[in-house]
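Please open the model in your viewer, with the sequence panel beside it, and keep a selection tool ready. The stops below are meant to be followed in order.

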Amino acid sequence: MTSQTITADAAGTWKLGDLPVHRLGFGAMRLTGSAAFHLGTPSDRDRSIAVLRKAIDLGVNHIDTAAFYFSSLRSANELINSALAPYPDDLVIVTKVGPYRAYDGQWGTSARPEDLRGHVEENLRQLGRDHLDVVNLRRMPKYDSIAEHFGALAELREAGLIRHLGISNVTPRHLAEAQAIAPVVCVQNRYALDRPDPDTDELLRTCGEQGIAFVPFYAVAGEGGERGALAAHDEEVRAVARAHGASPAQIRIAWTLHQGTHVLAIPGTGNPDHLVENVAAGAIRLTEGELDRLNALRPAAG
């Protein structure tokens, strides 16, 4: 496929609240190094900035980030600010709060509800914004309920620091819990072709029924998680890729987008060539037969 000519609008559009975005977005986590967080080696700053600017050139208008996305030398938010400010009018930057990393990169104590204002203000400072478009509360395992934390973010939304709210790493009951407090415009959970999860499958369906964006993370990396995509791919994925003249990673992105018009993909990369390929995946149209072949992999996985 001629990926060089394909832009993000090929994937279609959806709205995060009242903010329209192309369904093919960009995850900023891998801008900071060869692997996420403190793993791997730091990225080349100029290359990461070039990737961000290329993403905008390709029509990407949805970037997912967080203040805790940093390596020993790079901060995703700082890179976004340096590369893109003043920001395009249609650019939607989505961040998340809850987890905390100390300056040495180690994970610290998860935020208490009263800590979240500081998390929001740190994202505002790093991004150079006076408000955040969308903030996801990432549920931390030590907290069974998200009510207090989500309520604290709802107060910051009322104060004008946040425009819309989302939730991440949740189960269906957490969505209902949050919706009793304030509107939820997106749900961000781990979701991949080779990683079936009944709770997340239910959330995917519920979000579609209610018009809420469902935003999978690690959709390409799968079990590779923070360290990135694995080299191994199922032969069925490779066969579908060959039929489309595409890479297995592109087929995984395309499969993700085919799970519903409310599904947004946010593949991340620090490689400009991979960025072009990822965006081009939004133009791949899988046949019913191909979807059946790929879907058949899920019960056998995990």
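**Before you select anything**

This is a predicted model, in which local features need pLDDT of at least 70 and side-chain atom pairs count only at pLDDT 80 or more, while totals for chains, interfaces and linings use all residues. Residues are numbered from 1 along each chain as its sequence is written, and side-chain values use heavy atoms, with hydrogens and water left out.

**Stop 1: the cores**

Select Leu153 and Val187, which have the most contacts inside the largest nonpolar core, a set of 82 residues. A nonpolar core here is a set of buried Ala, Val, Leu, Ile, Met, Phe, Trp, Tyr and Cys residues joined through side-chain atoms within 4.5 Å, and buried means under 20% relative accessible area, with exposed over 50% and partly exposed in between (1.4 Å probe, protein chains only). A second, separate core has 12 residues, among them Val94, Val185, Ala213 and Leu264. In soluble globular proteins, nonpolar side chains tend to be buried together.

Which residues does leucine 153 contact, leaving aside its neighbours within four places in sequence? They are Val97, Leu116, Val120, Val135, Leu137, Ile162 and Leu165, where contact means heavy atoms within 4.5 Å.

**Stop 2: leucine 156 in α4**

Move to leucine 156, found in helix α4 (residues 147-158); helices (H or I, at least four residues) and strands (E, at least two) are DSSP runs, numbered from the N terminus. Leucine 156 counts as buried because its relative accessibility is 7%. Not counting residues up to four places away in sequence, leucine 156 touches Leu116, Arg117, Val120, Leu161 and Ile162. For a sense of scale, draw a line from leucine 156 to alanine 296, which is 140 residues apart from it in sequence and 44 Å apart in space, C-alpha to C-alpha.

**Stop 3: glycine 98 and histidine 119**

Next select glycine 98, in the loop between β5 (92-97) and α3, which counts as buried at 0% relative accessibility. Beyond the residues up to four places away in sequence, glycine 98 touches Ser110, Ala111, Leu116, His119, Arg138 and Met140. The C-alpha atoms of glycine 98 and alanine 111 are separated by 5.2 Å, although the two residues are 13 residues apart along the chain.

Is histidine 119 buried or exposed? Histidine 119 counts as buried, at 15% relative accessibility. Apart from neighbours within four places in sequence, histidine 119 is in contact with Val97, Gly98, Pro99, Tyr100 and Ala111.

**Stop 4**

Select alanine 178 in helix α5 (residues 172-179), a buried residue with a relative accessible area of 0%. Its contacts, leaving aside neighbours within four places in sequence, are Ile146, Phe150, Ile167 and Val184.

Now show all of α5 with helix α6 (residues 198-210): the two pack at an angle of about 40 degrees, with their axes 9 Å apart. Axes are lines fitted to C-alpha atoms, for helices over the stretch in contact, and angles run from 0 to 180 degrees between N-to-C directions. The two helices, α5 and α6, are therefore oblique to each other, since angles under 35 degrees count as roughly parallel, over 145 as roughly antiparallel, 65 to 115 as roughly perpendicular and the rest as oblique. Pro172, Leu175 and Gln179 in α5 meet Asp199, Glu202, Leu203, Thr206 and Gln210 in α6.

**Stop 5: α1 against α9**

Select helix α1 (residues 45-57) and helix α9 (residues 272-280), which pack at an angle of about 25 degrees with their axes 9 Å apart. That angle makes α1 roughly parallel to α9. On the α1 side look for Arg47, Val51, Lys54 and Ala55, which meet Pro272, Leu275 and Val276 in α9.

**Stop 6: α7 against α10**

For the last pair, select helix α7 (residues 235-244) and helix α10 (residues 288-295), whose axes come within 9 Å and cross at roughly 155 degrees. This makes α7 roughly antiparallel to α10. Glu236, Val237, Ala239, Val240, Ala243 and His244 of α7 make the contact with Glu290, Arg293 and Leu294 of α10.
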